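I opened this notebook to record a look at helix packing and charged side-chain pairs.

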Amino acid sequence: MAQAAAVAKPPTPPRRRRASATPRRLPYLLIAPAGLLMLGFIAYPVISVFYYSLQHYNPTKPWRNGFAGFDNFVHLFTEDPLFWDTLVFSAKWVFVEVGLQLMFGLALALIVNQTFVGRGIGRALVFSPWAVSGVLTSAIWVLLYNSQTGITRYLADMGIGDYGTSWLSDTSTVFSAVVVADLWRGVPFFAILILADLQSVSKDLYEAAEVDGASRFQQFTHITLPHLKDAIILSTLLRAVWEFNNVDLLYTLTGGGPAGVTTTLPLYIANTSVDAHNFGYASALTTVAFVILLFCSIVYLRLSKFGGESK
């Protein structure tokens, strides 16, 4: 019996408790209210726009309200020259703005990525315009372009130009004026994103390239640009969508003028809905703009091979 008692039985392993499904679902349950709220704020306006695009809806003329079918779209494509004019100007605006912002933003990012005295202050000055709201940016440039107290007044004092000249009222200068105003705020966006990606480029690559005799330009084209590919693609896509939908700056500076030469499609939509109260036709314009942006975004991502390996 003593021998039997001496031989101890092996301990019974503890039973594994089945993992409860609740802890695994808890994170999703916690974010569900916020997710449903966001879905409601996004889905309801989108569905409403699609619905009203098929309606004649003008609160000031209720007797004309009713189902329109595709009448708004037929009128849009066949009888509304303003739609095509604003669409062409929107494409021009996006192409010029995004191209110039990318070019200057890339240059600034490369500069502030270098080591020099006062680099922190330089970065703060470069990035500060992006922290300014769109309304405040518009107010700043309205004052700068004021014909009595703005830039043109000081240029006239130096003998350049005439007193009372308004760049925002002249069809030959208004486009350049609004482009410069939007560049001031848009360039830091590219500089921030590109600089963040530049920080992850290994210095060993540049050192190896220097050993192999590569010039600065060769290092830029074979190391820097391929590494920045995805950052450039994503930032240009985001900025293109934002510039296409830009209303506040153009509305404040020019109101779409003079003679409608700076009216973009979103600004035309805003005028049609807010000023003319034609919400049905404005919804049709918005639907077409949404389809155009969606199509261009998909084509751009496919052609640019976003996320793929650079050769």
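Predicted model: local features only at pLDDT ≥ 70, side-chain atom pairs only at ≥ 80, totals over all residues.

Entry 1

Entry 2. I looked up how helix α8 (residues 174–198) lies against helix α10 (residues 216–244). Their axes come within 9 Å and cross at roughly 150°. I recorded the crossing of α8 past α10 as right-handed. On the α8 side, I listed Asp182, Gly186, Phe189, Phe190, Leu193, Ile194, Asp197 and Leu198 as making the contact. On the α10 side, the contact residues include Leu228, Ala231, Leu238, Arg239, Trp242 and Glu243. Sorted by class, the contact of α8 with α10 has nine nonpolar, five polar and four charged residues.

Entry 3. How many salt bridges does the structure hold? I found two.

Entry 4. I took the pair in helix α10 next. The side chains of Glu243 and Arg239 form a salt bridge, at 2.9 Å from N to O. The two residues are four apart in α10, about one turn of the helix. Are Glu243 and Arg239 buried or exposed? Both are buried. I noted that Arg239 and Glu243 also belong to the contact of α10 with α8.

Entry 5. I then turned to the other pair. Asp157 and Arg153 meet through their side chains in a salt bridge, 3.7 Å from N to O. Because Asp157 and Arg153 are four residues apart in helix α7 (residues 151–157), about one helical turn separates them.

Methods. Residues numbered from 1 in each chain as written. Heavy atoms only, no water. Axes fitted to C-alpha atoms, helices over the stretch in contact; angles between N-to-C directions. Left-handed = near helix turned anticlockwise from the far one by under 90°. Contact = heavy atoms within 4.5 Å. Nonpolar A, V, L, I, M, F, W, Y, C, P; charged D, E, K, R; others polar. Salt bridge = Lys/Arg side-chain N within 4 Å of Asp/Glu carboxyl O. Buried < 20%, exposed > 50% of the residue type's maximum accessible area, 1.4 Å probe, protein only.
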